[in-house]
Amino acid sequence: MKANIFNALIYIVFAIGIFGAGDLVLDEIRQSNICPKILGIPACYIILVCFIVPFLMHLFKGPNSIYFALTGLAFAIALVASYMQFTGIGECPKTANGTPMCYYSLALFTSLIGLKVMFLKLK
């Protein structure tokens, strides 16, 4: 029963992340230069992939190593971006109310990692 709750929470976090990152990717396609670039690739593209692939791994019971590798990569990107935003070294895209999206990304990927660990322990 508890595993089902964690499973549902994982899906909710994925839905929030995929819709949020997907919307940002659409803005990047329409307007360009909204997302900072990592090795020439807009970071929002990377983050969207880091939501979609782990979602599919969780949904279809794929390898947990892929799930954790990509959520861990996105966590690291969000952590560095949040640090840079906080210190003024860099600039993250912002929500309509002015909150840097990298802060939300950090919270979502932290949640996905923590929820998956708890889910696996209960399963």
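**Loops, helices and cysteines**

Visitor: Ser 32 first. How exposed is Ser 32?
Guide: Partly exposed, at a relative accessible area of 43%. Buried means under 20%, exposed over 50%, and partly exposed in between (1.4 Å probe, protein chains only).

Visitor: And what am I looking at here?
Guide: A predicted model, in which local features need pLDDT of at least 70 and side-chain atom pairs count only at pLDDT 80 or more, while totals for chains, interfaces and linings use all residues. Residues are numbered from 1 along each chain as its sequence is written, and side-chain values use heavy atoms, with hydrogens and water left out.

Visitor: Back to Ser 32. Where is Ser 32 placed?
Guide: In the loop between α1 and β1, with β1 at 37–38. Helices (H or I, at least four residues) and strands (E, at least two) are DSSP runs numbered from the N terminus.

Visitor: What about the phi of Ser 32?
Guide: Positive, about 65°, although Ser 32 is not a glycine.

Visitor: Which residue has a positive phi near 55°?
Guide: Leu 39, also a residue other than glycine. Leu 39 is in the loop between β1 and β2 (41–42).

Visitor: Is Leu 39 buried or exposed?
Guide: Exposed. The relative accessible area of Leu 39 is 85%.

Visitor: Switching to helices. How do α1 and α2 cross?
Guide: At roughly 150°, and their axes come within 9 Å. Helix α1 covers residues 2–31 and α2 covers residues 43–59. So α1 is roughly antiparallel to α2. Under 35 degrees counts as roughly parallel, over 145 as roughly antiparallel, 65 to 115 as roughly perpendicular, the rest as oblique. Axes are lines fitted to C-alpha atoms, for helices over the stretch in contact, with angles from 0 to 180 degrees between N-to-C directions.

Visitor: Which residues meet there?
Guide: From α1, they include Asn 7, Tyr 11, Phe 14, Gly 17, Leu 24 and Glu 28. From α2, among them are Cys 44, Tyr 45, Phe 51, Pro 54, Phe 55 and His 58. Contact means heavy atoms within 4.5 Å.

Visitor: Cys 44 is on that list. How many disulfides does the whole structure have?
Guide: Two. A disulfide is a pair of cysteine sulfur atoms within 2.5 Å.

Visitor: What does Cys 44 pair with?
Guide: Cys 35, with the sulfur atoms 2.2 Å apart. The link of Cys 35 and Cys 44 is right-handed, with 105° about the S-S bond. Cys 35 is buried at 5% relative accessible area. Cys 44 is buried too, at 4%.

Visitor: Which cysteine does Cys 92 join?
Guide: Cys 102, at 2.2 Å from S to S. The torsion about the S-S bond of Cys 92 and Cys 102 is about 100°, so this disulfide is right-handed. The pair links distant parts of the chain, ten residues apart. Cys 92 is in the loop between α3 (64–87) and α4 (101–122), and Cys 102 is in helix α4. Both Cys 92 and Cys 102 are buried.

Visitor: What pattern do the disulfides follow?
Guide: 1-2, 3-4, counting bonded cysteines along the chain. Cys 50 is in no disulfide, and the nearest cysteine sulfur, that of Cys 44, is 12 Å away. Cys 50 counts as buried, at 1% relative accessibility.

Visitor: Last one. Where is Lys 121 found?
Guide: In helix α4. Lys 121 is exposed, with a relative accessible area of 68%. The C-alpha atoms of Lys 121 and Ala 3 are separated by 8.6 Å, though these residues are 118 apart along the chain.
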